[in-house]
Amino acid sequence: HHPPPATTFPTSFLTPPICSSFLQQFLSASLSPEECRLIGFREQTSRAELIERTVLEVAGTVLTAQLAMKYGLASNLAGG
């Protein structure tokens, strides 16, 4: 099983745990320097690879939960 591509992963799975305005800023690589520092990525948050990796980690976690509900057991080795 594979999570959906990062570009098609529904952001509704990421909110409300993440504030929607913060999420949109992260996804558009427009966090302030202070916000970047607070989440620990500093100048890396503008990199498309980091944004994609972060979304795919969450997508993998969501997929794992869905598979566990369907089959009774699932695991995610990628983190997230």
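Start by selecting A6: leaving aside residues up to four places away in sequence, A6 touches E52, V55 and L56, a contact being heavy atoms within 4.5 Å. The model is predicted, so local features need pLDDT of at least 70 and side-chain atom pairs pLDDT 80 or more, while totals for chains, interfaces and linings use all residues. Residues are numbered from 1 along each chain as its sequence is written, and side-chain values use heavy atoms, without hydrogens and water.

Buried means under 20% relative accessible area, exposed over 50%, and partly exposed in between, with a 1.4 Å probe and protein chains only.

Now move to E43, in the loop between α2 (33-39) and α3. E43 counts as exposed because its relative accessibility is 57%. Select F26 as well: F26 and E43 are 17 residues apart in sequence, and their C-alpha atoms are 12 Å apart in space.

Finally, show the whole chain. The chain has three helices and zero strands, where helices (H or I, at least four residues) and strands (E, at least two) are DSSP runs numbered from the N terminus. The C-alpha trace spans about 45 × 20 × 20 Å along its principal axes. Of the 80 residues, 22% count as buried.
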